[in-house]
Amino acid sequence: MDNPAKFYITTPIYYVNAHPHIGHTYTTVVCDAIARRQRMMGMDTYFLTGTDEHGQKIERSATAAGCTPKEFVDKIAAEYRELWERMKLSYDDFIRTTEPRHVRGVQALFTRLQERGYIYKGSYSGQYCVFDELYVDAVGPGAPCPECGRPTETVQEENYFFKLSAMEDRLLKLYAEQPDFIRPETRRNEVIAFVRSGLRDLSVSRTTFKWGIPVPGDPKHVIYVWLDALANYITAIGFGSDKEKDKKKFEHYWPADVHMIGKEIVRFHCVYWPAFLLAAELPLPKSIVAHGWLLFEESKMSKSRGNIVRSETILDTLGADTLRYFLLREIVFGSDGSFSFDALVQRFNADLANGLGNLSSRTLSMITRYFTGEVPYPTTAQERTADDRAVAELGEQTIRDFNAQFEQFQFSRALETAWGLVSAVNKYIVDNEPWTLAEKPGQDARARLGTVLYTSAEALRIVTALAHPIIPESTARIWQQLGLGEIGKVNLRELKWGQLQIGTKLGTVEAVFPRADKSTIERMQKMEQERSTVSESQSQAAETEPARTGAQAGQRATEAAGPVSPAPPSKSAEVAAGPAAPTADNKISIDDFLKVELRVGEVKVAEKVKGADKLLRMEVDIGTEVRQIVAGIAKAYDPEKLIGRKVVIVANLQPRKLRGLESQGMIVAASLGDEGLPVLAGFLEDVPVGAKLK
Ligand code: MSP
């Protein structure tokens with residue numbers, strides 16, 4: 001092909017206020033599999049990912065971690081890159097929103113919107129959710145964000161506004177004329193209903209913090225973080241640059257073919273982004289595809305819930321391909337799906353070790369043993385049995401079905417289809433007993449043996465080629481063992497049954513997926529625990545994570561909520577118990593003390609817990625997030641009087657449930673008299689929310 005058609009795919013750019021987890025890996029692996037397959041189909045493919053590094057949330061996380069925003073974002077962005085290398089992600093570019101090329105591009109977009117009359121100055125007074133970086137319609141200080149339920153902050157400032165209200169009709173026309181613009185259908189319907197309910201102009205600048213891209217010519221304003229972030233899809237491929245080569249690149253790859261996102265950011269991508277592009281007179285992406293959430297322990301995996309699983313743990317035990325396969329096979333794309341270590345190991349053993357691994361090693365070792373490692377002749381078509389023909393037909397059918405399903409984003413079904421061939425061939429081998437044929441004398445048995453092994457090897461070749469975009473490393477190894485060289489060079493469009501050349505000399509045959517035993521699950525769970533402990537103590541950035549350290553390091557569950565009492569030394573040592581034991585005089589080291597993460601929080605919501613006269617349920621803003629804390633202070637404090645009060649929170653305790661409510665930390669208080677009457681710790685000076693105590 002002289003000038004192959006182009007294909008441009010993007011992931012969301014991930015916030016750097018927390019470490020990556022397998023939720024982020026999920027989207028990126030999906031895009032990687034699509035990109036790899038497009039390349040194998042001969043498309044001129046461009047795969048973009050990156051990090052979203054500006055905004056109030058990140059600025060606060062950096063302050064809370066005691067470093068500059070730049071130091072903070074550099075560290076987490078590097079973590080993403082490193083992880084993506086280990087996950088074998090074949091991205092073509094990694095954009096960071098702090099890069100000059102992005103800053104320049106965002107300013108160019110802003111200017112373009114101004115020049116076309118879509119931006120004006122006004123003043124905003126209302127609620128803002130820092131967690132979602134979203135202006136919301138909620139009323140009153142602390143009112144909950146309709147998206148995430150966290151208390152919103154009141155913002156009153158002079159802003160630049162984008163005329164979103166002027167875009168309603170054009171957006172509705174777009175959704176009607178391009179039914180594939182938003183996928184799946186359910187998301188499309190939600191977006192249409194949202195736009196139909198009326199759009200208000202959008203504030204696109206902020207003045208109350210600095211960590212962002214200055215508005216051109218008015219640097220006291222920084223550009224709204226979502227306008228900044230969404231623009232990455234064009235700035236990464238050259239928008240806003242004067243260089244000829246960049247301009248050409250932009251013209252070549254834009255518009256994107258697929259923006260892949262999680263379902264919680266549909267509105268930004270399907271309403272704001274096309275509105276900005278329409279106003280700027282730039283072409284629109286062809287489709288926005290939203291997937292569901294990866295759940296762990298029944299809720300969305302996220303750092304604020306403290307229920308994340310890190311990809312590194314799986315990489316270190318079962319490898320990148322196992323995680324990649326699991327994510328695409330186990331999660332029905334578009335729906336929410338659960339992750340568990342049990343399910344991961346089960347999939348690995350059933351599909352990879354016993355399925356593909358077994359097919360590969362038995363087929364290739366028998367060819368090595370019985371045919372000196374050269375792909376044998378199959379008998380002529382007329383002499384083939386119904387069994388042989390059925391496998392060949394299934395091979396052809398598998399290619400057709402796999403391709404159709406993959407193109408419809410039905411990754412799980414596509415893999416089920418491919419593994420249908422794996423099972424059929426494993427059964428075919430058992431039924432035809434090549435090991436018995438090998439023992440039998442005579443030409444007929446030898447010819448049958450050749451046919452059975454050729455058929456098995458050809459089916460193996462087909463599954464290996466189809467599965468390469470999903471499990472690139474192991475399929476590359478099987479391909480080598482099949483004696484076929486580099487798998488990356490395969491053209492998937494031409495894949496057909498019967499292309500395996502007779503006489504092909506096999507490579508060295510070795511097991512690709514050694515079985516995992518039961519201890520693997522425990523090992524992974526242990527690694528997860530250790531990882532969170534290490535990263536909490538070593539990385540400043542990790543301070544934004546809800547730590548599970550306390551309990552894992554020996555914290556008593558009963559201490560996970562309620563006020564901290566002035567503890568005797570032995571008890572303090574228990575809170576901080578880690579590798580370093582208390583000294584003989586019961587003193588703990590400074591390192592031990594530093595394991596306890598104490599932070600300034602502000603009570604946003606406080607209320608009595610039904611049926612528990614001592615307990616209050618509070619929502620406490622600790623700078624990087626809002627935590628629900630359940631504490632036994634109801635006898636001493638009126639909930640109403642606590643709202644707005646600055647308190648001290650132990651932020652790295654494992655969450656625990658009290659009266660069915662999860663308490664995500666502990667509030668620090670003195671404990672007076674025999675009854676232990678709580679008196680909350682506080683400050684005489686004003687202290688910023690999120691500040692660390694040490
Ligand atoms: N920075 C914004 C996106 C800007 S794009 C112009 C953002 N970042 S994020 O770090 O919160 O990443 C959100 C994305 O990560 C989701 O849309 C999804 O792609 C992925 N996921 C994060 N957690 C996930 C799960 N638990 N499950 C599935 N995907 C998840 O929003």
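The side chains of arginine 39 and aspartate 92 meet in a salt bridge, with 3.1 Å from N to O; the term denotes a side-chain nitrogen of Lys or Arg within 4 Å of a carboxyl oxygen of Asp or Glu. This pair links distant parts of the chain, 53 residues apart: arginine 39 belongs to helix H1 (residues 22-40), and aspartate 92 to the loop between helix H3 (69-86) and strand S4 (93-96). Helices (H or I, at least four residues) and strands (E, at least two) are DSSP runs, numbered from the N terminus. Arginine 39 is partly exposed, at a relative accessible area of 28%, and aspartate 92 is partly exposed at 36%. Here buried means under 20% relative accessible area, exposed over 50%, and partly exposed in between (1.4 Å probe, protein chains only).

The model is predicted: local features need pLDDT of at least 70, side-chain atom pairs count only at pLDDT 80 or more, and totals for chains, interfaces and linings use all residues. Residues are numbered from 1 along each chain as its sequence is written, and side-chain values use heavy atoms, with hydrogens and water left out.

The whole structure holds 39 salt bridges. Side chains of opposite charge can pair when their charged atoms come close. One of these bridges joins aspartate 74 to lysine 70, with 2.7 Å between the closest N and O atoms. Aspartate 74 and lysine 70 are separated by about one helical turn because they lie four residues apart in helix H3. Aspartate 74 is partly exposed, with a relative accessible area of 29%, as is lysine 70, with 40%. Both residues belong to a network of salt bridges that links Glu53, Lys70, Asp74 and Arg96.

Another bridge is formed by aspartate 388 and arginine 448, at 2.8 Å from N to O. Aspartate 388 lies in helix H14 (residues 386-407) and arginine 448 in helix H17 (residues 443-467), so that the pair links distant parts of the chain, 60 residues apart. Aspartate 388 is buried, at a relative accessible area of 2%, and arginine 448 is buried at 19%.

The structure also contains five cavities of 30 Å³ or more. On a 1 Å grid over the protein atoms alone, a cavity is a set of points where a 1.4 Å probe fits but cannot get out, and lining residues have an atom within 4 Å of a point. Of its 15 lining residues, Arg60, Val130, Phe131, Asp621 and Val626 are the closest to the centre. Helix H2 (56-65) and strand S5 (119-129) each supply at least two residues of this lining.

Terms used:
1 Å grid on protein atoms, 1.4 Å probe; cavity = no way out; pocket = protein on both sides within 12 Å on 5 of 7 lines; lining within 4 Å. Points joined across faces, edges and corners; volume = space filled by probe spheres on them.
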